[in-house]
Amino acid sequence: AELEWVHAASLVLDDIVDEAELRRGAAPLHLLTSVPFAAGVALWLLTQSALRCPGLAEPMLALAEGQRAELAHAGDLSMSRADWYAIVAQKTARLFAAAAMLGGRAGGATPRQQTQLSRFGQELGLAFQLVDDVLDLVGDEPTLGKRPGQDLRTGRITFPLLLLRDAEPTVFASTPLGLRLDSEAVAASLARHDIPARCLAQARIHQGRAISFLVGLPGDVAPLAALAEQCVERRA
């Protein structure tokens with residue numbers, strides 16, 4: 001529950017930074033109220049979570065650092081895939097890892113089992129973000145519950161854009177940031193190089209790794225394996 005508070009706070013802050021107009025098909029908090037009010041709510045959620053669950057301090061710090069690094073690299077098409085992975089490991093995967101590990105700890109898991117669960121969550125978080133990057137480019141608004149193309153509009157460098165940069169550099173040649181592009185032109189280029197499918201294939205690699213860390217754990221791990229499947233097959 002505390003992790004979900006952290007997650008909710010991060011979404012509120014994401015919507016403020018992105019100047020988002022929709023969240024799950026409805027107006028986000030900063031539009032329903034105001035930016036100062038929404039920021040205050042996010043701060044309250046984060047503070048309460050840290051006080052109630054001290055084990056969240058490290059993943060919360062990683063989340064903040066990952067978001068800072070992502071903003072620092074906005075529009076930076078020289079960013080490497082390794083850079084992308086380092087950012088996502090902090091801003092997304094670290095929270096997944098903490099959720100899995102702390103859940104195991106609460107259930108009496110041994111230190112070794114907690115490590116397995118943490119690695120399961122880490123790989124699942126990487127898979128989740130890869131799918132998120134794809135959906136932002138090729139998803140539809142009614143299903144997503146938000147406007148697609150948000151990453152392009154804010155200059156965020158995503159894995160599909162890195163693949164497109166390597167496959168067709170001329171797509172980004174006409175603008176200093178390389179990201180203020182026509183979304184339809186980008187979609188055509190992505191399809192031409194089969195980039196959504198390549199990203200999903202990469203997500204499935206991480207999904208497979210995640211499931212491999214469930215081997216040897218006691219009890220019924222089928223729900224966790226099903227969750228890994230859902231993270232990759234989702235449409236929103």
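A crossing of two helices is left-handed if the near helix is turned anticlockwise from the far one by less than a right angle, and right-handed if clockwise. The model used here is predicted.

**Exercise 1**

Find how the axes of H1 and H3 run relative to each other, and state which hand their crossing has, left or right.

*Solution*

Step 1. Locate the helices. H1 covers residues 2-18 and H3 covers residues 35-52.

Step 2. Take the geometry. The two axes come within 9 Å and cross at roughly 155 degrees.

Step 3. Apply the cut-off. Angles over 145 degrees count as roughly antiparallel. H1 and H3 are therefore roughly antiparallel to each other.

Step 4. H1 and H3 cross in a left-handed way.

**Exercise 2**

Which residues of H1 and H3 meet, and how do they divide by class?

*Solution*

Step 1. Start on the H1 side. Glu2, Trp5, Val6, Ala8, Ala9, Val12, Leu13 and Ile16 make the contact.

Step 2. Turn to H3. Its partners include Val35, Ala38, Trp44, Leu46 and Arg52.

Step 3. Sort the contact residues of H1 with H3. They comprise 14 nonpolar, 2 polar and 2 charged.

**Exercise 3**

Describe how H9 packs with H11: angle, hand and contact residues.

*Solution*

Step 1. H9 spans residues 159-167, and H11 spans residues 195-212. Their axes come within 10 Å and cross at roughly 125 degrees.

Step 2. That angle makes H9 oblique to H11. The crossing of this pair is right-handed.

Step 3. Phe159, Pro160, Leu163 and Leu164 of H9 meet Ile195, Arg198, Cys199 and Gln202 of H11. This contact has 6 nonpolar, 1 polar and 1 charged residues.

Conventions: Residues are numbered from 1 along each chain as its sequence is written. This is a predicted model: local features need pLDDT of at least 70, side-chain atom pairs count only at pLDDT 80 or more; totals for chains, interfaces and linings use all residues. Side-chain values use heavy atoms; hydrogens and water are left out. Axes are lines fitted to C-alpha atoms, for helices over the stretch in contact, and angles run from 0 to 180 degrees between N-to-C directions. Helices (H or I, at least four residues) and strands (E, at least two) are DSSP runs, numbered from the N terminus. Angles under 35 degrees count as roughly parallel, over 145 as roughly antiparallel, 65 to 115 as roughly perpendicular and the rest as oblique. Contact means heavy atoms within 4.5 Å. Ala, Val, Leu, Ile, Met, Phe, Trp, Tyr, Cys and Pro count as nonpolar, Asp, Glu, Lys and Arg as charged, and the others, Gly among them, as polar.
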